[in-house]
Every structure is written in structure tokens, then in C-alpha cells.
Amino acid sequence: MTAHVTVGMDESPESLAAARWAAAEASLLDAPLHLMHVEEWPVTAEVPVLSAEALVERYETLLRSTVDRVRSERPGLDVTTEMVRGRAPAELTAAANESEVTVLGSRGLGGVVGFLIGSVSLAVVGRARRPVVLVRSPEGTRAATSVPGADGPPSGIVLGLDLDQPCDPVLAFAFGHAARRNEELRIVHSWSPSPAHGYAAVLDPGAGGGQGRRAAEGLADLVRPWRRKFPAVRVTERAVVGPAAAELVDASRSAGLLIVGRRSRRSPVGPHLGHVAHAAIHHSPAPVAVVPFE
């Protein structure tokens, strides 16, 4: 399989933002960029009067214009296009499983139009065996990413780690991405005191300090081999007390990318996403990369 970056395309601003983000990643990976549109049938009520031929022409025009846009910004980039007919979750998941990384547009909470939003994007993220990145449009992130006292646009990479889960695939993706983009990698591990410590903390604010030290030491031990493997990557580590989802979403407001892991497992009720990944997808103003692990 030739390594390539896939983008799922529709007519939303988020889709174009996803294509531009993916083009940058493909350039850094020295890999082809593949633009894909899934034509779902039957036609929805949104476009009931358009013929099949008109729809094909409409989306072929979309793909051509996107190719022209990314090639103008990144001359020499190898770009291919594809239109397929079928169910978007299944087709995009199959494509994601054959890609180095797949990039989709996402509105987060509040968006209701576009086949890449909502159930489809969640289905792909929940089922894909390879990393999937969800990107919002610049307009959708401008207000959410404004951080009081911050200078310049959001930058750097935030990685959320759970020390109780296998982390190697997530760490490999994060360090590789940081190295390619010459970005700082900020690693966050959230922990919660045991109920006994939580009660004791009311009486003694120093209670639970041992747990905090162990969490910080465990995080440092986990990251140390990756620091040696990627010596040029600037890395900071934080073990913080609090809900992981809230900590990561807050950290993402000043970041260019948020990375979270997802355990790959089959569920009889459909795609499985942990609550941290789910919160990141819906609330992070930064692009979110979801990396599966066994």
C-alpha cells in the first residue's frame, strides 16, 4: 500500500479547511493527497430536484476546484480525486483503513448540515483502524481559540495520555507530527484523587500529594524513551488534577492540534468512543486527531 493522505469532501467550509490541512500534512509526509466525495443515495430532501447528472457535475466541479486550490498553495503536490456511490460511513471508513491519515471536516457542536458532520464523522472516527483528524473552519474557531493574553495564532500540539492505556501508537503519531512540523509537544495527563484522598483534601490541602508525584513520575517514565527517539522535539509534560476532557479542551484553545487515543474494540451497538475523545471532537476549537490503539 502506498502511503497517502485521504480527505472526505463535501461543500462545507469545514471540508475545504480539512483539504488544506491535509495538503500540508501530505507535503510533510511526501505522500500523495487523495480527495474523495461519497455520493449517497437516495438524494436527500435538501436537493430533491437535481438530477443524478447534475449532482455528478456539481461534485466533480467541487473536486476540481479543490485540486486547483491546494496545488496553487503547494506546487508539485501529487493530488488525485475519486467519486464513489454508497453509504458515507462505510466508504470513508474503508478509505481511512488504507490511508496514512484521513482528514474530515467538523463543525463540532451546533452544525447540522453536511454528510461529514455528526453521525458520519463519529462513525468513521469510531471504526477506522488508522488515525483520523477532524478540522473545523477558520470562521468556526476564531472566537473559540481567542485566549486572553495570548499573542499570535494557536500553535503547538497537545497530547492527552492515559497512563493506564497502551500509549505507543498515540505517542508515535504525536512525536512524528511534532517533528515534521517543528512544533512544541505539550503532553497532559489528568488524574483524580481516590475518594479517601478527596475527602482528606478538604481537611488537609497537602493530602494526595503522593499520588500527584507518582502520576508525574509515571508520565516522565513513559515519555522518556520517546524524548530520546525524537531529541529535536520540544516537549513539556504536565500531570494535573481534574477531569481529562475538560483539561484537554481547555488546553486545545491555544493549540494547533489536539491528539487523543481511542481503544479499538468492537461494540454491538456501533462505533465506540470514550468520553474524552467524544468531548474533544465536539468541543475542541483546534483540529482533533483520534489515534486508535489495541
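Modeller: Start with confidence. Helices (H or I, at least four residues) and strands (E, at least two) are DSSP runs, numbered from the N terminus.

Biologist: What are the ground rules?

Modeller: This is a predicted model: local features need pLDDT of at least 70, side-chain atom pairs count only at pLDDT 80 or more, and totals for chains, interfaces and linings use all residues. Residues are numbered from 1 along each chain as its sequence is written, and side-chain values use heavy atoms, leaving out hydrogens and water.

Biologist: What is the mean pLDDT of the protein chain?

Modeller: The mean is 84, and 79% of the residues reach 70 or more. Over residues 109-117 the pLDDT is below 50, yet this stretch has 26 contacts beyond near neighbours in sequence. Contact means heavy atoms within 4.5 Å. Residues 201-207 are also below 50, with 3 such contacts.

Biologist: What makes β4 and β5 a pair?

Modeller: Two strands pair if DSSP finds at least two bridges between them. Strands β4 (residues 101-105) and β5 (residues 132-135) have 4 bridges, in the parallel sense. That meets the rule.

Biologist: Which strands form the open sheet, and in what order?

Modeller: There are 10, in the order β3-β2-β1-β4-β5-β10-β9-β6-β7-β8, with mixed pairing. β3 (79-85) and β8 (235-241) each have a single partner strand, so one side of each lacks a neighbour in the sheet.

Biologist: Why is α1 called roughly perpendicular to α6?

Modeller: Helix α1 (residues 13-29) packs on helix α6 (residues 168-181) at about 85°, with axes 10 Å apart. Axes are lines fitted to C-alpha atoms, for helices over the stretch in contact, and angles run from 0 to 180 degrees between N-to-C directions. Under 35 degrees is roughly parallel, over 145 roughly antiparallel, 65 to 115 roughly perpendicular, and the rest oblique. So α1 is roughly perpendicular to α6. W21, A24, E25, L28 and L29 of α1 meet H177, R180 and R181 of α6.

Biologist: Why is α3 called largely enclosed?

Modeller: Buried means under 20% relative accessible area, exposed over 50%, partly exposed in between (1.4 Å probe, protein chains only). In α3, 7 of the 10 residues are buried, so the rest of the structure largely encloses this helix. Among them are L92 and A96. The buried residues pack against β1, β2, β4 and α4 (119-127).

Definitions and conventions
pLDDT is the predictor's confidence in each residue, from 0 to 100.
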